Amino acid sequence: MVDPAARCCCLGWDFSTQQVKVVAVDAELNVFYEDSVHFDTDLPEFGTQGGVHVHEGGLAVTSPVLMWVQALDIILEKMKASGFGFSQVLALSGAGQQHGSVYWKVGASQVLKGLSPDLPLHEQLQRFTGNQIAKIYQQHPEAYSHTERISLVSSFAASLFLGSYSHIDYSDGSGMNLLQIQDKVWSQACLDACAPHLEKKLGPPVPSCSVVGAVSSYYVQRYGFPPGCKVVAFTGDNPASLAGMRLEEGDIAVSLGTSDTLFLWLKEPTPALEGHIFCNPVDPQQYMALLCFKNGSLMREKIRDEAASCSWSKFSEALQSTEMGNGGNLGFYFDVMEITPEITGRYRFSAENCEVSAFPRNVEIRALIEGQFMAKRIHAEGLGYRVMPKTKILATGGASHNRDILQVLADVFCAPVYVIDTANSACVGSAYQAFHALPLICLVNIYWALSVCWLCAGHQGSSGDPDLVPGLEELVQQGWNLQQTLARNCEKCSEESGWCLVVGERVED
């Protein structure tokens, strides 16, 4: 094994909700060092739960910024004590939890420029924070007037390394509802709706692979970073994860966990009320989308318990014993209020398109899994996604260990499914972004030269040609129509009576 002190590398950082984490990736894109600081356990003096403080009856959440700074201090000191070769770091980048903002007081830029290498960062920095620009302006106008700069968590973290204010990148900036994602400029109408002089406080946005400067002399003198070590714009944790999972145009990443999450690479997005569209962190001319589905693994476990005697083996046998398309039977299962779309309840429809109260057990299991993946495809296509001949589906999370579930995923999307390890995906993606910004390195072209995933499930039709899967398109269209009807009915009865009737049961708001 090569001595970590002798490896040229890039660092990837992740300032997430619950921890700060770092990985070192060498020139062959191998992770050879990682470390982290967990806020609740390693910094208990800040009194956080899950890395945050909850306020106002659970409606507002903040994090102590000094906690993030101190966590960075701890990691860097641990790396130094281990003999890590800071002098070999070519560049660094990072990710931050999305939708959080940091407010710098007037004069903070001078503090950043004048950091003393004899002291840790957390003993030198002044700070105050907020979570929504408009709310800060309305409720704390004096604090807003004394704000010199507003950063996202990502650009705040980059500023710590630069010793000056870092730009907000396109990808994380497009999650603020302030950026015109086609033109890559702030929307003046949106800025004016939030607060005065906001454009000056935000600064101009930059491409996600921009080199925003070199590391501050603080890091050169205290830790031995080379003076030419580049700081690449930090981005949000979700865009960084897309880079870390090595998606390409037409690809999908599906995280099958407590909630299911869909990552999409889009060329021409169709903005909608559901889902989130961001500028793509890898290719600034393209886009990415994020769709979240709340009824994920817990819903699958409930149906397993009800229809398969609590056995995953019997659950898989049910999927194996039923055909794709489920004989025309469709089901949508939302035991908790869904995010995409906003519906609650269980709905079953026969091949004759009539609502029924129950299915046979095997049909119920396939209806659940096909319905879940059909909903993902329906809403992905609603944002402009289309299956392509080269489409790959990358699966991760608990349900990705079940080959029969993944076979249904492959069949519904008519594309091969690969299982990937996404541990530290935001950190690793950030390190890739750092390499991407260096001369002669092209992140898009190196992705699939690496053996990071393996084929788990093929599909019964030709890739990118759903028409070759008998009856699939008709079933997807039927599913779309049914979901639209259910969403309208649920919205209507909620408005009229404060509750809605779902499969014979009253569901309270």
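Select Arg348 and look across to Val356 in β21, which stands opposite Arg348. Before moving on, know that this is a predicted model: local features need pLDDT of at least 70, side-chain atom pairs count only at pLDDT 80 or more, and totals for chains, interfaces and linings use all residues. Residues are numbered from 1 along each chain as its sequence is written, and side-chain values use heavy atoms, with hydrogens and water left out.

Now colour the strands. Two bridges join β20 to β21, and these strands run antiparallel. (Strands pair if DSSP finds at least two bridges between them; strands are DSSP runs of E, at least two residues, and helices are runs of H or I, at least four, numbered from the N terminus.) The open sheet has three strands in the order β19-β20-β21, with antiparallel pairing. β19 and β21 (355-356) are at the edges with a single partner strand each, so one side of each has no neighbour in the sheet.

Show the helices next. α12 lies across β19 and β20, at about 65° to β20. Helix α14 (residues 361-382) also packs on the sheet: it touches β19 and β20, and its direction makes about 75° with that of β19. Contact here means heavy atoms within 4.5 Å; axes are lines fitted to C-alpha atoms, for helices over the stretch in contact, and angles run from 0 to 180 degrees between N-to-C directions.

**Stop two: the loop between β19 and β20**

Pick Pro341, in the loop between β19 (330-334) and β20 (345-349). What is the peptide bond from Thr340 to Pro341, cis or trans? It is cis, with omega near -5°. Most peptide bonds are trans.

Thr344 is in the loop between β19 and β20 too. Thr344 counts as buried at 8% relative accessibility (buried is under 20% relative accessible area, exposed over 50%, partly exposed in between, with a 1.4 Å probe and protein chains only). The Thr344 side chain reaches the backbone oxygen of Phe334 at 3.3 Å.

**Stop three: two positive phi values**

Most residues other than glycine have a negative phi. Select Arg246, in the loop between α11 and β15 (252-256): its phi is positive, about 60°, and Arg246 is buried, with a relative accessible area of 7%.

Then go to Ser309, in the loop between α12 (297-307) and α13 (312-321). Phi of Ser309 is also positive, near 50°, while Ser309 is partly exposed at 43% relative accessible area.

Note on methods
Polar contact = N/O pair within 3.5 Å; in protein donor to acceptor, adjacent residues only side chain to side chain.
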